[in-house]
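Here is my note on this model, point by point. Please keep the structure open while you read.

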Amino acid sequence: MTKEITPQSLRRFNIIMGGVHLFQGLLMIVLGLTVSQFGDFKMRIFQNYLTYVEVGDSGYLDFARAEVFTLPFFALVASFLLISAGAHALISFPKKLNAMYTKDLEKGINKLRWFEYALSSSVMIVLIAYLFGIWDIASLVLIFFVNASMNLFGLVMEQLNSGKIKDKVDWGPFIWGTVAGLAPWIAIILYMTGATAEATAQTPWFVWAIVGTYFVAFNTFPINMILQYIGKGKWQNYLYGERGYIVLSLVAKTILAWLVLVGALQPS
């Protein structure tokens, strides 16, 4: 017999999951600072622009790019784990926030979840986009904010349908969020399919593993939401879906973090 999920049990679960995220995030920082091969794995961010090339008495516009800055990859991997750890801590420890969390769960809402996803999952999709060659800052910024918008549509979905019976659910925010969420994947696929056969053959195995596993994990979140609104049995309890989100978040972040680590430690 399945143990009933309550706000109190969810608080304990959040504390445990937050601890797991915190441990992994701190471990990533330690490894990045002590294992040179992991610490040297950096993101080189470029800015694309047009430049005027003079040819005699005339000229033409040409494409150019300049390196803007570099970022240690491990720091960004650690960041999405630590963002999640911080969100779990905010939900669990300050009494006022925990009371707000509990009250919102009774309404079928979790505001903090969507704000956390807007940050952490956007960092994750930016890292995946970078691994497939999206190195220009404008594209990465757009991918970040479009993905964040997708998650905020999830918040609107819960707010709009709080207290509604199942056959009265407004699926508009879910649909528009899905459209927004597809945009980064379209950009990634364009870069994947635009590469030459030689370049594709040289793409490290861990990059393909990351995009495949994260794409599967990515699509389990909307399934979890759908079941919260139309599911039967245990899905009638919003808290069951809330626990599902917590588990899915940990699994997706853990897989991505450790695939990046293992991949970065492979011989060149």
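**Notes on the helix packing, pocket and cavity**

1. On the helix 6 side, Asn147, Met150, Gly154, Met157 and Glu158 make the contact. Their partners in helix 9 are Phe218, Met225, Gln228 and Tyr229. By class, this contact of helix 6 with helix 9 has 5 nonpolar, 3 polar and 1 charged residues. Bear in mind throughout that the model is predicted.

2. Now the geometry of that pair. Helix 6 spans residues 137-160 and helix 9 spans residues 205-230. Their axes come within 12 Å and cross at roughly 10°. Angles under 35 degrees count as roughly parallel, so helix 6 and helix 9 are roughly parallel to each other.

3. Next, the overall fold. The protein chain has 10 helices and 2 strands. In sequence order the pattern is α-α-β-β-α-α-α-α-α-α-α-α. Along the principal axes, the C-alpha atoms fill a box of roughly 75 × 45 × 35 Å.

4. The second largest pocket deserves a look. Its space is about 500 Å³. The lining has 28 residues, and the closest to the pocket centre are Met150, Asn151, Phe218, Phe221 and Pro222. Met150 and Phe218 also take part in the contact between helix 6 and helix 9. Two or more lining residues come from each of helix 5 (111-131), helix 6, helix 7 (172-194), helix 9 and helix 10 (238-264).

5. What classes of residue make up the lining of the second largest pocket? There are 18 nonpolar, 9 polar and 1 charged residues.

6. The structure holds 1 cavity of 30 Å³ or more. About 120 Å³ of space lies in the largest cavity. Of its 14 lining residues, His88, Arg113, Glu116, Tyr117 and Ile246 are the closest to the centre. Helix 1 (7-34), helix 3 (73-92), helix 5 and helix 10 each give at least two residues to this lining.

7. Which classes line the largest cavity? The lining divides into 5 nonpolar, 6 polar and 3 charged residues. Helix 5 and helix 10 supply residues here, and both also contribute to the lining of the second largest pocket.

8. Last, the aromatic rings. The count comes to 19 aromatic pairs. One of interest is Tyr117 with Tyr245: the ring centres are 6.3 Å apart and the planes lie at 65°, so the pair is edge-to-face. The two residues sit 128 residues apart, Tyr117 in helix 5 and Tyr245 in helix 10, and the pair links distant parts of the chain. Tyr117 is also among the residues closest to the centre of the largest cavity.

Key:
Residues are numbered from 1 along each chain as its sequence is written. This is a predicted model: local features need pLDDT of at least 70, side-chain atom pairs count only at pLDDT 80 or more; totals for chains, interfaces and linings use all residues. Side-chain values use heavy atoms; hydrogens and water are left out. Axes are lines fitted to C-alpha atoms, for helices over the stretch in contact, and angles run from 0 to 180 degrees between N-to-C directions. Helices (H or I, at least four residues) and strands (E, at least two) are DSSP runs, numbered from the N terminus. Angles under 35 degrees count as roughly parallel, over 145 as roughly antiparallel, 65 to 115 as roughly perpendicular and the rest as oblique. Contact means heavy atoms within 4.5 Å. Ala, Val, Leu, Ile, Met, Phe, Trp, Tyr, Cys and Pro count as nonpolar, Asp, Glu, Lys and Arg as charged, and the others, Gly among them, as polar. On a 1 Å grid over the protein atoms alone, a cavity is a set of points where a 1.4 Å probe fits but cannot get out, and a pocket is an open set with protein on both sides within 12 Å along at least five of seven lines; lining residues have an atom within 4 Å of a point. Grid points are joined across faces, edges and corners, and a volume is the space filled by probe spheres set on the points. Rings of Phe, Tyr and Trp (its six-membered ring) pair if their centres lie within 6.5 Å; planes under 30 degrees apart count as stacked, over 60 as edge-to-face and the rest as tilted.
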